[in-house]
Structures are given as structure tokens and as C-alpha cells.
Amino acid sequence: MSQIGKVIYTAKTHTTGGRENGVSRSSDGRLDVRLSIPGSARIGTNPEQLFAAGWSACFESAIALAARNRKITLPADLAIDAEVDLNLADGGYFLRARLDVSLPGVERDVAQALVDEAHRICPYSKATRGNIDIAINLVCPI
């Protein structure tokens with residue numbers, strides 16, 4: 001499915017060495033990370049951690065957009081805990097993910113509506129929909 005639209009931002013990175021002994025740098029210099037495999041003693045992060053951080057940040061922004069559209073004030077302590085699993089089965093790797101969303105002080109039905117709307121509009125959610133197992137859980141709503 002190809003969508004045509006106005007490009008509002010393009011992230012550019014240059015990566016060498018892969019996940020085992022790599023480095024990834026953004027074209028603007030704001031990202032400069034060492035890469036390592038999960039569980040390694042080597043200093044660095046791994047692609048799954050980067051994916052979890054990116055998705056949770058994007059999802060929180062999608063919640064904020066949904067709240068703005070409904071004229072709902074979000075709590076300052078809104079939080080998302082993201083977990084991305086790297087799995088191996090039948091000789092191939094695949095991902096699974098969970099987002100645990102906390103909207104303290106927001107009524108459960110309102111919070112669930114915001115989470116559902118965020119999942120519909122978040123670009124990461126759109127990209128992963130139907131491609132990996134996802135669980136998005138509302139936790140600690142009040």
C-alpha cells in the first residue's frame with residue numbers, strides 16, 4: 001500500500017557493523033549510538049530498544065493529538081512502558097510488542113478511547129498492524 005502525501009520529515013542514518021558491533025549516526029549528528037546484541041556486555045543499545053523508544057514516544061504524541069481533538073487535558077504523569085521481543089522460531093526471527101499505557105486520573109472509558117484512537121493514528125502502529133503481534137494495555141487508569 002503506497003500513500004502519496006507531503007513529506008514533513010525524513011530521518012537519515014548511516015549504520016555500519018550491524019547489531020553485533022555497530023554504530024549508527026543520524027545525518028544531523030543528534031543520534032550517535034553504539035549497537036550491541038541483547039544481553040551483550042558490550043556498551044551500546046540494540047534495535048529492539050530503539051524501536052520500543054521510538055514507538056512509545058510516537059504513541060504518546062498520538063494520544064496527545066487524540067486528547068487535543070476531544071479537548072481533554074492529559075495528566076502530566078502519562079507514561080508508556082514499551083516491550084519489544086525478538087523471537088526465533090522455525091529458523092526465522094520475528095518481533096512481538098506490548099505497550100502499557102498509564103493515564104492516571106483519566107476515567108477508564110475516556111482513557112481507553114484515547115488509546116484506541118492513538119493506535120489508529122500512530123504511524124508506528126500503522127506500520128506494524130498485521131505484521132507483528134501487538135498488545136496495547138491500559139494500566140493504572142485511576
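K71 sits in the loop that runs between α2 (47-69) and β4, where helices (H or I, at least four residues) and strands (E, at least two) are DSSP runs, numbered from the N terminus. The model is a predicted one, in which local features need pLDDT of at least 70, side-chain atom pairs count only at pLDDT 80 or more, and totals for chains, interfaces and linings use all residues. Residues are numbered from 1 along each chain as its sequence is written, and side-chain values use heavy atoms, with hydrogens and water left out.

The table sets out the backbone angle phi for K71 and D90, which in each case is a positive value in a residue other than glycine.

| Residue | Phi | Relative accessible area |
|---|---|---|
| K71 | near 60 degrees | 77% |
| D90 | near 55 degrees | 86% |

Are these residues buried or exposed? K71 is exposed, because its relative accessible area is 77%, and D90 is exposed, because its relative accessible area is 86%; buried means under 20% relative accessible area, exposed over 50%, and partly exposed in between (1.4 Å probe, protein chains only).

Strand β4 (residues 79-89) also contains L88, which counts as exposed because its relative accessibility is 55%. Together, L86, L88 and Y93 make a nonpolar surface patch of about 350 Å². Such patches are made of residues with over 30% relative accessible area and no salt bridge, like charges being joined within 9 Å and nonpolar side chains (Val, Leu, Ile, Met, Phe, Trp, Tyr) within 5 Å. A salt bridge is a side-chain nitrogen of Lys or Arg within 4 Å of a carboxyl oxygen of Asp or Glu, and accessible areas come from the Shrake-Rupley method with a 1.4 Å probe, for which, in the case of residues, only the protein chains shown count as cover.

The report now turns to pockets. The largest pocket holds about 280 Å³ of space, and 14 residues line it, of which A11, T13, S24, S26 and L31 lie nearest its centre. On a 1 Å grid over the protein atoms alone, a pocket is an open set of points where a 1.4 Å probe fits, with protein on both sides within 12 Å along at least five of seven lines, and lining residues have an atom within 4 Å of a point. β1 (13-16) and β2 (23-26) each supply at least two residues of the lining of the largest pocket. The second largest pocket, with a volume of about 190 Å³, is lined by I8, Y9, P123 and K126; a volume is the space filled by probe spheres set on the points, which are joined across faces, edges and corners.
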